[in-house]
Amino acid sequence: MSIKKYNKSDIFSLDKPLKINLINSITGLKPANLIGTKSKNIDNIAIFSSVVHLGSNPPHIGFIIRPQYKRKTDTYLNLLDNPYFTINSIQNETIEKAHKTSYKYDRDISEFDQLELEKIYIDDYNAPFVKNSSIKIGLKKIDEIVLPNRCKMIIGEVELIIVDRKILELDGNIDYSKSTFTCISGLQNYYNVELSRQMKRGKS
């Protein structure tokens with residue numbers, strides 16, 4: 001096996017684009033999700049690759065948002081107005097529009113409208129969902145934690161789950177190989193997933 005080694009000095013001296021791509025992709029495939037928020041006047045949708053499971057009882061999910069001291073993002077500003085938000089899976093057919101939500105738009109422009117990404121409201125939940133997502137999660141922000149690099153971890157409690165029946169197993173597991181669910185590596189490379197092997201669960 002031929003290898004490329006970077007020590008700490010090498011990493012810090014890398015060209016910025018190379019360092020960003022390397023560090024963003026070395027942790028492997030990550031779920032690509034669209035996070036929906038709602039201000040008083042505008043619905044916002046933005047792509048995130050940092051969604052992480054934090055616990056099942058109570059059901060908590062977190063995501064990382066960039067430092068907010070220079071420029072506050074629409075997602076963060078909306079969460080200050082309204083603590084409810086949604087996490088929506090990205091399907092193959094939505095990749096291009098989902099990716100473009102990372103572009104900078106004026107505060108008064110909704111990415112839903114700009115990109116013609118169809119939204120839906122469910123059970124009067126106070127945040128928009130993406131209509132064609134096979135997994136939709138409604139959450140309420142309950143906390144935020146400032147990380148050492150000034151990024152913030154937003155912690156939400158799960159209040160609503162909508163899952164396409166064809167990917168939901170009887171035991172509650174989700175079979176992503178039956179969906180066009182998309183993962184991301186780095187900032188721009190999208191992948192589909194397939195089930196490689198199913199192992200027995202260890203004793204807890």
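Biologist: In the hairpin of S11 and S12, which residue takes a positive phi?
Modeller: In this predicted model, Gly186 takes a positive phi near 70°. The hairpin has 3 residues between the strands.

Biologist: How many bridges pair S11 and S12?
Modeller: The two strands pair over 4 bridges, in the antiparallel sense. One of the residues involved is Ser185, whose bridge partner in S12 is Asn189.

Biologist: What is the strand order of the open sheet?
Modeller: The order is S1-S11-S12, an open sheet of 3 strands with antiparallel pairing.

Biologist: Which strands stand at the edges there?
Modeller: Strand S1 (30-31) and strand S12 (189-192) do; each has a single partner strand, so one side of each lacks a neighbour in the sheet.

Biologist: And over how many bridges do S1 and S11 pair?
Modeller: S1 and strand S11 (residues 182-185) pair over 2 bridges, again in the antiparallel sense. Lys30 has Ile184 as its bridge partner in S11.

Biologist: Let us turn to Thr182. Is Thr182 buried or exposed?
Modeller: Thr182, which is found in strand S11, is buried, with a relative accessible area of 0%.

Biologist: Which residues is Thr182 in contact with, leaving aside neighbours within four places in sequence?
Modeller: The contacts are Pro31, Ala32, Ile90, Gln91, Asn92, Ile95, Tyr190, Tyr191 and Asn192.

Biologist: What does the side chain of Thr182 reach at 3.4 Å?
Modeller: At that distance, the Thr182 side chain reaches the backbone oxygen of Thr180.

Biologist: Changing topic, which residues of the largest nonpolar core touch the most other members?
Modeller: They are Ile35, Ile61, Phe63, Phe85, Ile87, Ile137 and Leu139, within a core of 17 residues. At least two residues of this core come from each of strand S3 (43-48), strand S5 (59-65), helix H3 (74-81), strand S6 (84-89), strand S9 (135-146) and strand S10 (152-163). A second, separate core has 12 residues, including Ala32, Ile47, Ile90 and Phe112.

Biologist: Finally, the cysteines. How many disulfides does the structure hold?
Modeller: The structure holds 0 disulfides.

Biologist: Is Cys151 buried or exposed?
Modeller: Cys151 is buried, at a relative accessible area of 14%. Cys183 also counts as buried, at 8% relative accessibility.

Technical notes:
Residues numbered from 1 in each chain as written. Predicted model: local features only at pLDDT ≥ 70, side-chain atom pairs only at ≥ 80, totals over all residues. Heavy atoms only, no water. Disulfide = S-S within 2.5 Å. Buried < 20%, exposed > 50% of the residue type's maximum accessible area, 1.4 Å probe, protein only. Pairing = 2+ DSSP bridges. Core = buried A, V, L, I, M, F, W, Y, C linked by side-chain atoms within 4.5 Å. Polar contact = N/O pair within 3.5 Å; in protein donor to acceptor, adjacent residues only side chain to side chain. Contact = heavy atoms within 4.5 Å.
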